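Please open the predicted model in your viewer and keep the sequence panel at hand.

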Amino acid sequence: MTEPRSPGMSSIQTAPVHADSTPPAVEMDPVEYTLRKRLPRKLPKRRNDVYVNMKTDFRAQLARCQKLLEGGGHREICVHGLGLAINRAINIALQLQASSQGALQLAANTSTVELVDDLEPEDPDEAGEPMTRTRNNSAIHIKVFYPDPQGP
Amino acid sequence: MTEPRGQMKSSNATSSAVMELQSASGQSNFRRVSRTEDSSPYPIPGLAADILHMRVKEGSKIRNLLRFATARMQGEGKDSNGTLLRQVVFTGSGRGVTKTITCVEILKRKVGGLHQVSKLYYKTVKEVWESQQPGAPGITMQRTVPAICILLSKDPLDPQETGYQPPPNPKCSHRGRRESVCSQLPSP
């Protein structure tokens with residue numbers, strides 16, 4: 001699972017962890033847990049920020065960016081993508097650049113986003129305790145902009 | 001940028017026409033013979049020709065890529081030629097892009113103090129499809145896939161270059177170390 005999604009529920013069986021190299025600090029008994037993915041931490045949102053996801057239609061997201069640059073009067077927009085949506089964010093940025101006949105430039109930055117999962121015991125009578133687990137996912141932030149005519 | 005896509009469109013049109021012909025006879029008789037990627041120069045200017053180039057593919061294992069790259073950057077294994085590299089470039093395309101970024105992010109946390117320049121571009125892939133029916137002509141298709149090229153350097157890079165990222169400050173790298181411990185937790 002690399003893409004962020006709304007905190008849906010999926011039932012998993014936490015089998016005993018591999019007892020080889022990993023330290024036994026997080027040893028789990030085979031209690032049923034529900035894995036709940038929290039939404040990614042809320043990020044700043046300016047008017048020219050576009051957060052790309054995999055649920056919305058690709059053309060709609062591309063059109064939204066085009067509208068911001070052409071109709072919205074923005075000199076630059078920022079396209080963000082997390083996990084699986086990185087590919088789509090890159091695609092949108094490259095499409096914008098290609099359709100501008102070279103007028104637009106791209107500046108890509110990468111980062112790591114910390115995501116939190118909640119583990120809730122399925123059966124409240126069991127001794128299982130609610131846990132959280134942190135994992136990392138990659139993200140991309142692409143600035144799509146018209147370069148200044150008077151140089152950098 | 002527009003030219004290869006124009007070609008792709010025309011070759012797509014021919015291929016779909018032939019595919020229709022094939023499906024009319026009830027079978028698709030095409031086999032991919034070869035797949036060649038264009039060996040375009042790096043989109044980042046001023047790179048040495050002998051720079052360590054990590055080509056990240058869809059099926060590459062991150063641990064293999066990173067074991068190799070960290071050994072050349074940090075010299076943990078004291079490799080044969082003994083010289084530590086100052087720069088490394090990662091490229092990936094299509095579904096390998098996410099993996100490329102993940103590799104770079106992990107390497108940045110491991111090595112620390114790395115300057116980064118990222119570039120996005122379209123990569124042209126030429127595919128030759130051959131008909132299995134004797135006498136029928138083959139098809140050449142040109143497809144464009146999004147790709148990324150990331151340069152990591154121990155030496156400072158030009159901050160005016162588009163896509164430049166300075167190394168994260170030490171406070172962040174400390175947090176990064178804790179993150180990397182967390183990421184070692186077993187996953188279901």
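Select helix 1 (residues 58-70) of chain A together with helix 2 (residues 85-99) of chain A: the two pack at an angle of about 45 degrees, and their axes lie 10 Å apart. Helix 1 of chain A is therefore oblique to helix 2 of chain A. The crossing of these two helices of chain A is right-handed.

Next, display the residues that form this contact. On helix 1 of chain A, select A:Phe58, A:Gln61, A:Leu62, A:Cys65, A:Gln66 and A:Leu69; on helix 2 of chain A, select A:Arg88, A:Ile92, A:Gln95 and A:Leu96. Coloured by class, the contact between helix 1 and helix 2 of chain A shows six nonpolar, three polar and one charged residues.

Now widen the selection to the whole of chain A. Its secondary structure consists of two helices and six strands, arranged along the sequence as β-β-β-α-β-α-β-β. Chain A has 152 residues, of which 23% count as buried. Of the contacts in chain A between residues at least 6 apart in sequence, 70% join residues at least 24 apart.

Finally, move to chain B and select B:Val128, which lies in strand 4 (residues 115-131) of chain B. Is B:Val128 buried or partly exposed? B:Val128 counts as partly exposed because it has 14 C-beta neighbours inside 10 Å. Leaving aside residues up to four places away in sequence, B:Val128 touches B:Val33, B:Ser34, B:Gly138 and B:Thr140.

How values were computed: Residues numbered from 1 in each chain as written. Chains lettered and ligands numbered in written order. Predicted model: local features only at pLDDT ≥ 70, side-chain atom pairs only at ≥ 80, totals over all residues. Helix = DSSP H or I, 4+ residues; strand = E, 2+ residues; numbered from the N terminus. Buried ≥ 20, exposed ≤ 12 C-beta atoms within 10 Å, placed from the backbone. Contact = placed C-beta atoms within 7 Å. Axes fitted to C-alpha atoms, helices over the stretch in contact; angles between N-to-C directions. Parallel < 35°, antiparallel > 145°, perpendicular 65-115°, else oblique. Left-handed = near helix turned anticlockwise from the far one by under 90°. Nonpolar A, V, L, I, M, F, W, Y, C, P; charged D, E, K, R; others polar.
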